[in-house]
Amino acid sequence: MEAWMSYSEEWVTARARDAYEHGRASFDVRPERTALLVIDMQDEFVRPGWSPYWVPAATRMAPRLRRLVEGCRSADVPVIWTIFDDTHLGLDRPRALSHLPHADTDWRRPGPAEVWDQLGRRSDEALIRKPSYGAFYDTPLDTMLRNLGRDTVIVTGTLTNYCCGTTARQAYERGYKVVFGADVTATDDESRQEPELAVLRKGFALVLTAEEITNQLATGARVRHGRH
């Protein structure tokens, strides 16, 4: 019998650090099996100065995300949009939210939340109004994806470490392959971006830039049609 290997603290720490910084999931992105999720790119988060919840980094990355949306449409990858909204009189929202610093202003949206118009959402693309951070929580998203025959999701939008990260974890737990957009997600404190990407990279998702996602979709399409 082989002797048990002794793992030093230095060895296990270096292994973890490498996975956080450079880890890469091994699955391919096949366009015919993939859907794009655009999480909460709505006025209160993206429209400059409109609310105390504005995320300037989301406004800056919005043109890049719009190009990815258009690329997914061209590749026949369905686009599903979400909005963090007031649903069912708030009775479906986790009760603890009102006690947390995230809800520490008196600002209220003047009407139903809407996708920022500069993102170019089309009326023939599904829109989910969700009551909490994760897009799978008390929504039909899982059913919609299964009806579409999609087992891979590309997660984009805002906030990286709240609604996007929670959605990625929920998708992972439901058996989906998760692609997470490194430069088509954004958060309200940009120093928090990479720490969230690191956790997702190690344990939940294939973390790629928009350009890498586009290239993977193109490669998948060529393989599907027998072109190399």
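Which residue forms a salt bridge with Asp86?

**Entry 1: basis of the look-up.** I worked from a predicted model, in which local features need pLDDT of at least 70, side-chain atom pairs count only at pLDDT 80 or more, and totals for chains, interfaces and linings use all residues. I numbered residues from 1 along each chain as its sequence is written, and side-chain values use heavy atoms, with hydrogens and water left out.

**Entry 2: Asp86.** I found that Asp86 forms a salt bridge with Arg109, with the closest N and O atoms 2.7 Å apart. I took a salt bridge to be a side-chain nitrogen of Lys or Arg within 4 Å of a carboxyl oxygen of Asp or Glu. Both Asp86 and Arg109 lie in the loop between E2 and E3, 23 residues apart. Strands (E, at least two residues) and helices (H or I, at least four) are DSSP runs numbered from the N terminus. I recorded Asp86 as exposed because its relative accessibility is 52%, and Arg109 as buried because its relative accessible area is 17%. The cut-offs are under 20% relative accessible area for buried, over 50% for exposed, and partly exposed in between (1.4 Å probe, protein chains only).

**Entry 3: Arg129.** I next looked up Arg129, which forms a salt bridge with Asp85 at 2.6 Å between the closest N and O atoms. This pair links distant parts of the chain, 44 residues apart: Arg129 is in strand E3 (residues 127-130), and Asp85 is in the loop between strand E2 (79-84) and E3. Arg129 counts as partly exposed because its relative accessibility is 31%. Asp85, at 5% relative accessible area, is buried.

I also noted a salt bridge between Arg129 and Glu114, whose closest N and O atoms are 3.4 Å apart. Glu114 is in the loop between E2 and E3 and Arg129 in strand E3, so this pair ties together parts 15 residues apart in sequence. Glu114 has a relative accessible area of 38% and is therefore partly exposed.

**Entry 4: network and count.** I traced a network of salt bridges that links Glu44, Asp85, Asp86, Arg93, Arg109, Glu114 and Arg129. By the rule above, I count 19 salt bridges.

**Entry 5: segment before H1.** Finally, I located Tyr7 in the segment before helix H1 (9-22).
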